[in-house]
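This report describes one protein chain for a reader who is meeting it for the first time. Please consult the sequence and the model shown below while reading.

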Amino acid sequence: QNVITQIGNFSYYNNKVIGQGATGLVYSGTLLFIISFRNQDKLPVAVKAIKLQDINTPVKKHLLDCEVLALKTLKHKFICQTYDVLKDNQFYYVPM
């Protein structure tokens, strides 16, 4: 059964892990574009979830900021487009 978590305009299935990196897990997700009051469009995304407790030093926070800046800036067919960085009381979320 799919368990869907909503963060801002992004939702992700927190039981569908599609990858793992040094700092977190990557889940299958959806970006919702609100086109009008009655219409919305959906785009499949990967959502990287990074535990706040793992970003526990200024150096680790700086590295995360640099990674996100690079992913937002670089445009290439082999690099995932990063849409945003979101945060709640447990995780940073990087939808791409």
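D65 has a relative accessibility of 38% and therefore counts as partly exposed, in a model that is predicted. This residue takes part in a salt bridge with K61, where the closest N and O atoms are 2.7 Å apart.

How many salt bridges does a search of the whole structure find? The search finds 2. K48 is buried, since its relative accessible area of 11% is under the 20% limit. E67, by contrast, is partly exposed at 31%.

The relative accessible areas of the residues in these pairs are listed here.

| Residue | Relative accessible area | Class |
|---|---|---|
| K48 | 11% | buried |
| E67 | 31% | partly exposed |
| D65 | 38% | partly exposed |

The wider setting of these residues is the fold of the chain. Its secondary structure comprises 1 helix and 6 strands. Along the sequence, these elements follow the pattern β-β-β-β-α-β-β.

Strand 5 (residues 86-87) pairs with strand 6 in the antiparallel sense, over 2 bridges. A hairpin of 3 residues joins strand 5 to strand 6. Within this pairing, L86 stands opposite Y93 in strand 6. How many residues of strand 6 are buried? Of the 5 residues in strand 6 (residues 91-95), 4 are buried, and the strand is thus mostly covered.

Some totals complete the description of the chain. It has 96 residues, of which 30% count as buried. The accessible surface comes to about 6600 Å², and carbon and sulfur atoms contribute 56% of it. Among contacts with a separation of 6 or more, 34% are between residues 24 or more positions apart.

Methods. Residues are numbered from 1 along each chain as its sequence is written. This is a predicted model: local features need pLDDT of at least 70, side-chain atom pairs count only at pLDDT 80 or more; totals for chains, interfaces and linings use all residues. Side-chain values use heavy atoms; hydrogens and water are left out. Buried means under 20% relative accessible area, exposed over 50%, partly exposed in between (1.4 Å probe, protein chains only). Contact means heavy atoms within 4.5 Å. Accessible areas come from the Shrake-Rupley method with a 1.4 Å probe; for residues, only the protein chains shown count as cover. Two strands pair if DSSP finds at least two bridges between them. A salt bridge is a side-chain nitrogen of Lys or Arg within 4 Å of a carboxyl oxygen of Asp or Glu.
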